[in-house]
Structures are given as structure tokens and as C-alpha cells.
Amino acid sequence: MSIISAAAAATLLPELQRLRRDLHREPELGLDLPKTQARVAAGLDGLDVEVTYGQSLSSLTVVLRGGKRDPEKPVAVLLRGDMDALPVTEATGFDFASTNGAMHACGHDLHTTGLYGALRLLHDVRDELAGDVIFMFQPGEEGYDGAGHMLREGVLEAAGVPVIAAFGVHVSADQPLGNLYCRPGSYMSAFSIMNITVRGKGGHASRPHTGRDPIQAGAMLVGQLQEYATRRFDAFDPVIITVGQFHAGTAPNVIPDTAELTVGIRCFSQATTARTEAELPNLVSTLVSAHGLEADVDYRSVLPPVINDETETAFYLDTAAEVFGPSRTHLVTVPKPGSEDFSRILQQVPGTYGHLGAALPGTVAEEQDSNHSPRARHTDEGLADHARFLAALAAGRLHQHAAAAPAWPGAGAAVDAGAAAGDGAGARSTDPEAGETETEGNLR
């Protein structure tokens, strides 16, 4: 069995709920989260840990040293929780709801608290840990590339030893409480932005033949981009293109000089992401040129795809089966179209990211608004298991590495128990519906 006990996690729950509700009342945006940082830091007082504060952002990097680390070849596991909120006016009706115009609509208050709980649980058994643990308390996930900032400030080097694996989990307000969803390989999409300025020649709307209409050319692009995506890319490695903004013109009797379009592009593999960056700007310029106009195209890659390591994902799912039970551990069949900057960590070290249901108990699907909604109501009743899961991932992976075995005792027992109970594929269930949901943890 795991050294992280359910009883220890349950004892911690009231403290975790208090922390979560404190964070929820005072959400902060972006990279600068001074109150959130201070609240987490206060909980570290008296603990035997090493704390580094961010320089360009309000991050906290905490290192816990394991008592059974190999003195010759020490290693570490990284656990991550993001801390920032969204510019959303809350409408949950919670008695601890935010009133400052921001909201933890994506559940990052739970991520922060779950990571803190894992730290506390692991601290209690630190003498038994076969290596070090890095706790990555990250600001700026919601479009600020907080993970990139922390990488540049050395989060992976914080323990001074190699990081062998990295893990994270994202809560979902409209998935059943305590259900874990994950898959190996491509799990969440890359995200890129293409800004287009179509340059034509303005004039009187009654004489369009004397000008070059950028609105007509822009409208053509909206349709042609969709056709290109469906005809040039594999349906099983798709491209999702959305023209989210189209601005042009000032009056119904005027042809403007320019039209501006902003396009969001999502892909699920590095190869397809590279193709879109190479091909789409050229496509836009060629199509616009065919109509006698010009186009300025700025293509910006925002985030890479989340690619889960196959070996680490098998371990992740086995650990989930031990903590949540085999019937609540789901191997999903398709990736999620949301994007997530934990992908930057997974570009550097093997690891896995998944989603954890946090729907309010006693509600039906129609009452469960998704993440990013002002009515997203995440419950904190699952925080004990959330913290225990993260802690078990770190402790178990370090044990596995030290033993140089394919599985650690607790996870192996979970697999055997799942198989004996007849829960499908050993330690997890296959849930195609869970893989196709639009309830992304972070759908930018």
C-alpha cells in the first residue's frame, strides 16, 4: 500500500477547505498574486522545506528533501498547481464568493490547495521518501505563460537534482466528483494565434469596382480557412480554426481600406502545429493576392500541445485507481481541445496531466456549469483525495525509481484489485464520452 494514508488526508480536509475558501474570496489575476502567495507561504511556516520566491512573478517553488534519497544519484519528482483566477464576475451564490470582479472560475483555488495538501502529507512522511519533491505553485496560467516564466527562473533545477517525472491535475466543475480522466500521448491541444490585416483600397460602396474590398476578401478567408483545415489535415490529427474577431468598416456606404481578423488555431501534435505555422500564413497571402489585395500576417505560437508520456501515464492511472477506485479512473479515448501551459513542463521532462471531477454533489448535469462560467461551482469536498492523489504520485514514483521496478507495491495492488473486481482493463475504465466532453479545465 501507499505510504500516503486516506486517514491522514481526511484529517487534513477541514484545514484544506478553509484555505480553499480564503483563496476563493480574494482571487488575483495574471502573474502578480501577492495575497495568494502570502497565504500559501504562511502555511509553510515551521515546515522542513526550502522555499524560493519568484522574481518576475508571484510564484513559490518549494523543495522537500526525502529521508531515503540516494546520496549517490538523488532524483526529484515535480508536482504543479496553478494559482491565478479569471476576470469573471462570480455568480455562484457561494457564501465565500468573490466580490472583487475576479473569480476562480477555472478551479485554480482547488489546484493551489490540493498541492498544499500534498506537501503537508508528504512532509509527514518525508523520512520515508526515496527522493526529493518540487512543489510548483504557479501564477499566470490563464494566458500569461506562467510555466514559461518559472522554467526560465529554474523551477526544474530547484532541488539541484534531476527531475525524473512531473505531474499535475485539473479540476472540472461539470464532471462527477472524484472521477479521474486521462490518456497517454496527445491529451490537450496546442494553441496559436494568427493576426491578419487585409489591405485593399477604400471607396464609395456604390462603386465597388473602383476599389478593392477588404471585407469581401476577409469573408472569403473565413470560409477558406475552414475548408483548408478539413481537406489538408488528417481527421485523426485535426486542426481547429476559429475566426474569433473580424473588424472592418465604419459605415454602410463606405468600403474601408483594411479589415482585421484574429484567428485561433488548435492542434494536437507537434508535427501538425509546425505545419499550420508554415502553411497558413502563405495560404492567406496567396488567397488575398488572388483578389488583388495584400495581407499582413502575424502568426504566433502560444502554447505547445500537452503530450503525456505513455509510461508515466500508466503509473498515473494506476495511482488514481488506488486513490479513487478503479471504477472512477477513466482512460479517455480522444484528446481535449483546451490548452494548458503545463505542456511546457512536459516538453522538458516526462510526465502526465489529467482532469479530476469536482461537480457540486447533489446537482444534475443541467445544473453544472463548466469551468470559466460565472456559475462554475466547484466543490471542495474532494480535496482530501485530491491532495492524497498528488502525494501518492510523488511518493510512489520515487519508490518506483529507487526499486528500478515497473510498478510500485501500492499501484500494483490497485491493478490486481481492479482486475479481480472485473472493472474492465485492470485498474481503470475506458470512458469514450469523458474524452469527448467540451468541459475543459482550461479552454482559452
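**Salt bridges**

I searched the whole structure, a predicted model, for salt bridges and found 20. I counted a salt bridge where a side-chain nitrogen of Lys or Arg lies within 4 Å of a carboxyl oxygen of Asp or Glu. I then looked up Asp 380, which forms a salt bridge with Arg 20, with 3.2 Å between the closest N and O atoms. Asp 380 sits in the loop between strand S16 (351–357) and helix H9 (383–403), and Arg 20 in helix H1 (residues 6–25), so this pair ties together parts that are 360 residues apart in sequence. Helices (H or I, at least four residues) and strands (E, at least two) are DSSP runs, numbered from the N terminus.

**Conventions**

I noted that residues are numbered from 1 along each chain as its sequence is written, and that side-chain values use heavy atoms, without hydrogens and water. In this predicted model, local features need pLDDT of at least 70 and side-chain atom pairs count only at pLDDT 80 or more, whereas totals for chains, interfaces and linings use all residues.

**Domains**

I recorded domain 1 as 6–187 + 305–404 and domain 2 as 190–303; these bounds come from an automatic or database domain assignment. The domain centres, taken over C-alpha atoms, are 38 Å apart.

Across the boundary, 14 residues of domain 1 contact 11 residues of domain 2, contact meaning heavy atoms within 4.5 Å. The two domains bury about 860 Å² between them, 58% of it on carbon and sulfur atoms. Buried area is the accessible area (1.4 Å probe) that two parts lose on being put together, summed over both. Pro 305, Pro 337 and Ser 339 supply 55% of the area that domain 1 buries against domain 2, more than any other three residues.

I found 0 salt bridges between domain 1 and domain 2. Helix H8 (residues 342–348) gives the most to the side of domain 1 that touches domain 2, with 3 residues.

**Annotated positions**

I consulted UniProt, whose unreviewed entry places the feature "binding site" at Cys 106, His 108, Glu 142, His 170 and His 372. These positions span 267 residues in sequence, yet no two of their C-alpha atoms are more than 13.0 Å apart, so they gather at one spot. His 108 lies in helix H3 (residues 108–124).

The unreviewed UniProt entry also places "domain: Peptidase M20 dimerisation" at residues 194–279. I noted that the end C-alpha atoms of residues 194–279 lie 12 Å apart and that the span is 34% helix and 35% strand. UniProt annotations may be inferred rather than shown by experiment.
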